[in-house]
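Here are my notes on the model, point by point. Please read them with the structure open.

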Amino acid sequence: MASALLSSLAAASAPPSASLSPREINKMKLNLPCTSFKNSSIKTKSFGRIRMVATTNVSRFDGVTMAPPDPILGVSEAFRADTNAMKLNLGVGAYRTEELQPYVLDVVKKAENLMLERGDNKEYLPIEGLAAFNKATAELLFGADNPVIKQQRVATVQGLSGTGSLRLAAALIERYFPGAKVVISSPTWGNHKNIFNDARVPWSEYRYYDPKTVGLDFEGMISDIKAAPDGSFVLLHGCAHNPTGIDPTPEQWEKIADVIQEKNHIPFFDVAYQGFASGSLDADAASVRLFVARDMEVLIAQSYSKNLGLYAERIGAINVVCSSADAATRVKSQLKRLARPMYSNPPVHGARIVANVVGDPTLFNEWKAEMEMMAGRIKNVRQKLFDSLSAKDKSGKDWSFILKQIGMFSFTGLNKAQSEHMTNKWHVYMTKDGRISLAGLSLAKCEYLADAIIDSFHNVS
Ligand code: PGU
């Protein structure tokens, strides 16, 4: 039992500590202004005229329950704890070399050297971020000649990578569109729901993935977007849909834009893989540009985690395309107002890297070549995995859906129990929705992975 002691040093009227039950002690603690109680530590606190001494091993944080591990980042933690030599981390979407090592792009190293040579300082950035970055990131997304840039109709604010940029947009929605709903694809990147939940923005799902065809449920998607209340925000993955790797065709994008326009919805793009899906920055931005060309107001969150490998630098942006320059100025001012009490101003390092790479024609071309190399390696392992599965699996199952998917991931169709079997028996770490990151796979490990998938698929129900 807690050997709690609360006594008054000054007031003779204080009850003797021995007569207090633990419940009463807790009640008293809750009434104290700001005293820290933890593990038998002794703290004193001035309490009006009364000076209290408290010793207890009951924490004020006892009401805080244990949070579950993160479904994606928690997989890496479990991977690190596994000592098996065959272990493979296909959980997080992070690019690895053929030797399964993390990769820092050459252009990033060159940009960092430039920064050192220049002796760039570490002063605070403005709330909206580095001007050269904001210019470069909008031009990369829309194309430098896009009229929305020339007409200054885009509010661009540097964000804490893709996640932070989405979170800022969610805060804007919560403040200026109270009650408006965000509709998100089913399935989607696991953190989308957390972001909108924490920002107190209501959300619901639209159909996206059809397990029967292991493809896009286009009819379901269209009818669910149509059924959403007018003026909803429709969250769309710009390219390389996570987790399915299934993107609409250009014709389907046109139809999606038609419905969104009819319903007066607001498209909200998450662009986390520009250049990483096809290897081309322009091709991967085509969906966003199609909506912008229709003169729609659009929100777009960007991330440089994957395409420049700047995962830990937390560099990205939120762009809000408005129908007038005046509206864009006002929106930007409010995004800054939201950012200020959240994190004050963004980090400078990644912003300078992006600005240096995009702003220097030689580095820009080198970046494109490195991106093609990374996208190419992923395409090669995708092909090899398909070949290995097709050769080894004698059941006649068609694995060609793997080749139709695009980007870092393959959605294998393995269910939760089968995915758990992949980890428990084969030491293949992956998310429980059946997603594997091909960016964490090498050609040398494809056969092993194919054995694991075939075993899990056929022998676990
Ligand atoms: N949006 C999508 C669609 C993503 O896949 C990711 C990253 C992000 C945004 C956010 O990335 P930032 O690093 O904040 O720019 N998804 C990866 C990375 C791990 C994670 O969940 O954050 C993934 O494995 O799904």
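1. A term first. Helices (H or I, at least four residues) and strands (E, at least two) are DSSP runs, numbered from the N terminus. With that naming, proline 243 sits in the loop between β10 and α9 (250-262). Keep in mind that this is a predicted model.

2. Strands β11 (residues 266-271) and β12 (residues 298-303) run parallel, joined by four bridges. Within this pair, phenylalanine 269 is placed opposite isoleucine 300 of β12.

3. The ligand shell. How many residues surround the ligand? There are 18, and the closest are Ser161, Thr163, Asp270, Tyr273 and Ser303. By class, seven are nonpolar, seven polar and four charged. Helix α6 (residues 161-176) supplies the largest share of the shell, with three residues.

4. Which ligand atom lies 2.6 Å from a polar side-chain atom of aspartate 270? It is a nitrogen atom. For asparagine 242, a polar side-chain atom lies 2.6 Å from an oxygen atom of the ligand. In arginine 314, a side-chain N or O atom is 2.8 Å from an oxygen atom of the ligand. On its own, the ligand has 540 Å² of accessible area, and the protein covers 92% of that.

5. Cis peptide bonds. Most residues other than glycine have a negative phi, and most peptide bonds are trans. Against that background, two bonds deserve a look. The bond from serine 186 to proline 187 is cis, with omega near 0°. Proline 187 belongs to the loop between β6 (182-186) and α7 (191-198). Asparagine 242 and proline 243 are also joined by a cis peptide bond, with omega about 15°. Asparagine 242 is the residue whose side chain has a polar atom 2.6 Å from a ligand oxygen.

6. A backbone angle to check. Is the phi of leucine 100 positive or negative? It is positive, about 65°, although this residue is not a glycine. Leucine 100 lies in the loop between β4 (88-89) and α3 (106-118).

Definitions and conventions:
Residues are numbered from 1 along each chain as its sequence is written. This is a predicted model: local features need pLDDT of at least 70, side-chain atom pairs count only at pLDDT 80 or more; totals for chains, interfaces and linings use all residues. Side-chain values use heavy atoms; hydrogens and water are left out. Two strands pair if DSSP finds at least two bridges between them. A residue is near a molecule or strand if one of its heavy atoms lies within 4 Å of it. A polar contact is a pair of N or O atoms within 3.5 Å; within protein, one must be able to donate a hydrogen and the other to accept it, and residues adjacent in sequence count only if both atoms are side-chain atoms. Accessible areas come from the Shrake-Rupley method with a 1.4 Å probe; for residues, only the protein chains shown count as cover. Ala, Val, Leu, Ile, Met, Phe, Trp, Tyr, Cys and Pro count as nonpolar, Asp, Glu, Lys and Arg as charged, and the others, Gly among them, as polar.
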